[in-house]
Amino acid sequence: MAIEDDVLVIGGGVAAVASALAARETGARVRLIAHKQSTLRQASGLIDVLGYHPEGADDESRTAPISDPFGALDAVPEGHPYERVGEEAVRGGLDLFDDAVGDAYAGGHTDRNALVPTHGGTVKPTARYPAGAAAGLASDERDAFLVGFDAVTGFDADVAADHLRAAGVPFDVRGATLRFPGDLRDDAKLTRYAHLLDQNDEIEVDGQSRPAREALAERVKAHLGGHERVGFPAILGDAEPAGVRADLADSLGADVFEVPMGPPSLPGMRLSDMLFEALEDAGVHVETGNPVVDVEADGDRVDRVIAEHTATRVPYRAEQYVLATGGLVGKGIRSDRERVYEPIFDLPIPQPEDRYDWFEEGAFDDHPFARFGVPVDRETRPLDADDEPAYENLRAAGAVVGGYDFAAEKSGSGVSLATGYAAGTGAGERA
């Protein structure tokens, strides 16, 4: 006997969470099945809607950051996910996100992009950012001091400061690499630093035992030089980041912010935890660790999907289904030497016949593979080879949808939220 719900969402990232929350808002019984941990835990935690113009814009427009992402939505090409779902879905997805994360994120007070410095010293246009990064915005003209730690790879404070100056930020910025106080191993995980600061454990410094936050502030203070704000790599606590920042700011007499990092990413882990707590609060049934491996159809409808629980095949039946399994990185889209394919429903993916036409020569060229994914109609239903809905009761959301280059546009999370909102709402209303 199958496990039955009104809506079944397959996936575990931002798009899957948005789909499940949107479907639940319609009153539907919703279940979410995720296989592995979401790639969200490796992401920066920033929520980009549209940072740069997509294909079709002239070269000058494509290299200039967009200040008003909503004003630029009309310019996306036909087939782009934003063209499919429209501005209302973009705003609906962001509203879902704001409700889920509360005051842990900033940016919801304006339609305009913020400019957030990254660990590499670039400035990224983004729509929502962790509250812990707010004091570091590039539009803030106060001088900044960046602190790196010699055993924390992935953030070189001196290099980041050099890059920010070269980018023309309107403030003076200086960097320094210090030794984190205490006796953490050189290969300690980022979560070890975060938990040490969360718990404010006593650590030994120069023969004296001191709380970790106090010891860290004292080490930084000697290099501060009157700067009004101080940026750290994103390791300032996991459970209590606001408390860690507040204590450091009091001790330093300066605002404290985190610089978003690459993987592994504490901001990404914090965001993943918040979104799954929102699912629990909303009453969504969540199952993780089991892959969906097969599908049974009845005419033009998906009848059931089969998930693999160890050696057992377990059927799940719903009135409506949402596919939100990710793109090439998340393995919702896969490739071999012959083709690119969607592995669960075997949905067609437009692609050049010759695999050597999947990419261009230069690393930063306009690669076709960047837009691989399933095409969808305006109800987010995946299309078959005849451009008709492959299944009447199947929708798709997030990176599994094709027609956009999220890395070049800085639009990944925004597309996930917008298509997730549209797919979840549509599925819930028809369940």
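## An exposed threonine, to start

Thr-310 is exposed, since its relative accessible area is 75% and the cut-off for that label is over 50%. This residue sits in the loop between β15 and β16 (312-323). Its phi is positive, at about 50°, although Thr-310 is not a glycine. Keep in mind that we're looking at a predicted model here.

You'll find Lys-410 in the loop between α9 (406-409) and α10. With a relative accessible area of 28%, Lys-410 counts as partly exposed.

Then there's a proline pair: the peptide bond from Pro-263 to Pro-264 is cis, with omega near -5°. Pro-264 belongs to the loop between β12 (255-259) and α8. Why flag these spots? Most residues other than glycine have a negative phi, and most peptide bonds are trans.

## The overall build

Zooming out, the protein has ten helices and 19 strands. Its radius of gyration is 23 Å, close to the 22 Å that the globule rule gives for 431 residues, so the protein is as compact as a globular protein of that length. The C-alpha trace spans about 75 × 50 × 40 Å along the principal axes.

Of the 431 residues, 53% are buried. Among contacts with a separation of 6 or more, 64% are between residues 24 or more positions apart.

The largest nonpolar core holds 51 residues, and Tyr-82, Leu-271 and Leu-275 touch the most other members. At least two residues of this core come from each of β1 (3-10), α1 (14-25), β2 (30-34), α3 (81-101), α8 (266-282) and α10 (412-430). Apart from this core lies another, with 50 residues, including Ala-157, Ala-234, Val-244 and Ala-254.

Back to Leu-271: setting aside residues up to four places away in sequence, Leu-271 touches Leu-40, Gly-45, Ile-47, Phe-97, Val-101 and Tyr-105.

## Surface and charge

## A look at Asp-300

Asp-300 lies in the loop between β14 (292-298) and β15 (301-309), and its relative accessibility of 48% makes it partly exposed. Beyond its neighbours within four places in sequence, Asp-300 contacts Ala-390, Tyr-391, Glu-392 and Asn-393. Phe-359 is 59 residues from Asp-300 in sequence, and their C-alpha atoms are 34 Å apart.

Definitions and conventions: Residues numbered from 1 in each chain as written. Predicted model: local features only at pLDDT ≥ 70, side-chain atom pairs only at ≥ 80, totals over all residues. Heavy atoms only, no water. Helix = DSSP H or I, 4+ residues; strand = E, 2+ residues; numbered from the N terminus. Rg over C-alpha atoms; globule rule 2.2 N^0.38 Å. Buried < 20%, exposed > 50% of the residue type's maximum accessible area, 1.4 Å probe, protein only. Contact = heavy atoms within 4.5 Å. Core = buried A, V, L, I, M, F, W, Y, C linked by side-chain atoms within 4.5 Å.
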